[in-house]
Amino acid sequence: MDANPTSSAHGSSEAAARAAGEVIELLEILWEHGREMVSPAPVSATQLRVLYALEREDGINLRTLSELLGSAPSSVSRLCDRLEALGFVERFPSSVSRRELELRLTNPAKAYLGDLRVHREEVLTASIAAMPPSARASLLEGLRGFRTSLESVQPVRPRHPALTDAESA
């Protein structure tokens with residue numbers, strides 16, 4: 001055991017960084033595997049973020065949606081154009097300002113999100129059911145510990161909070 005507290009703290013930081021890197025890699029693998037099993041088609045991941053935001057904030061305007069997504073209004077407008085063409089988003093005159101439009105999900109969009117959630121839950125349930133009981137218990141314990149640690153960590157601001165036009169288009 002190292003008697004130097006600075007060295008121990010540094011070793012602990014290095015171990016935490018290695019563990020974080022491994023967790024990130026595993027989550028990326030799991031995310032990609034999940035995307036392959038449950039395709040969000042006909043929408044992209046960025047368009048799906050728009051649908052989730054509109055589901056939470058029904059009737060918001062483009063400016064507010066852009067702020068929620070951290071993206072330029074022009075990029076979000078193009079996303080909404082595509083979602084409107086798919087029949088997933090409707091624009092209505094605002095009840096508070098003649099110059100603004102309210103964005104709302106259509107019934108097909110709501111049904112799509114519901115179906116997507118059901119399918120993802122089925123895949124997740126099947127995956128967890130296939131795990132040995134000891135692995136499920138470890139997963140649960142690890143996630144509880146992760147949640148507890150998140151409560152004490154200050155949020156980190158992203159270096160580039162806005163989506164690039166390439167990501168949002």
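**Salt bridges and helices in the predicted model**

Glu67 forms a salt bridge with Arg63, their closest N and O atoms lying 3.5 Å apart, where a salt bridge denotes a side-chain nitrogen of Lys or Arg within 4 Å of a carboxyl oxygen of Asp or Glu. The structure is a predicted model, in which local features need pLDDT of at least 70 and side-chain atom pairs count only at pLDDT 80 or more, whereas totals for chains, interfaces and linings use all residues. Residues are numbered from 1 along each chain as its sequence is written, and side-chain values use heavy atoms, with hydrogens and water left out.

Glu67 and Arg63 are four residues apart in helix H3 (residues 62–69) and are therefore separated by about one helical turn; helices (H or I, at least four residues) and strands (E, at least two) are DSSP runs numbered from the N terminus. An α-helix has 3.6 residues a turn, so residues three or four places apart point the same way. Glu67 is exposed, with a relative accessible area of 54%, while Arg63, at 47% relative accessibility, counts as partly exposed; buried means under 20% relative accessible area, exposed over 50%, and partly exposed in between (1.4 Å probe, protein chains only).

By the salt-bridge rule the count comes to six. One of these joins Glu55 to Arg117, with the closest N and O atoms 2.6 Å apart. This pair links distant parts of the chain, since Glu55 lies in helix H2 (residues 45–56) and Arg117 in helix H5 (residues 107–129), 62 residues apart. Both partners are partly exposed, Glu55 having a relative accessible area of 34% and Arg117 one of 37%.

A salt bridge is also formed by Arg91 with Asp81, the closest N and O atoms being 2.6 Å apart. Here, too, distant parts of the chain are linked, with Arg91 in strand E1 (residues 89–93) and Asp81 in helix H4 (residues 73–85), ten residues apart. Arg91 counts as partly exposed at 25% relative accessibility, as does Asp81 at 38%.

The protein chain contains seven helices and two strands, and its elements run α-α-α-α-β-β-α-α-α from the N terminus on. Helix H2 has twelve residues and reaches 17 Å from its first C-alpha to its last, close to the 16 Å expected at 1.5 Å a residue, the expected span being 1.5 Å times one less than the number of residues. The buried residues of H2 are Thr46, Gln47, Leu48, Val50, Leu51, Tyr52, Ala53 and Leu54. For H4, the 13 residues should span 18 Å at 1.5 Å a residue, and the end C-alpha atoms are 18 Å apart, in agreement with that value. The buried residues of H4 are Ser75, Val76, Ser77, Leu79, Cys80 and Leu83, and the helix is followed by Gly87, whose phi is positive, near 85 degrees. Of the 169 residues of the protein chain, 22% count as buried.

Glu22, Glu25, Glu28 and Glu32 form a negative surface patch, a patch being made of residues with over 30% relative accessible area and no salt bridge, in which like charges are joined within 9 Å and nonpolar side chains (Val, Leu, Ile, Met, Phe, Trp, Tyr) within 5 Å. Of these residues, Glu28 lies in helix H1 (residues 5–37) and counts as partly exposed at 49% relative accessibility.

Methods: Accessible areas come from the Shrake-Rupley method with a 1.4 Å probe; for residues, only the protein chains shown count as cover. Lys and Arg count as positive and Asp and Glu as negative; His and the chain ends are not counted. The place of a charge is taken as NZ of Lys, CZ of Arg, CG of Asp or CD of Glu.
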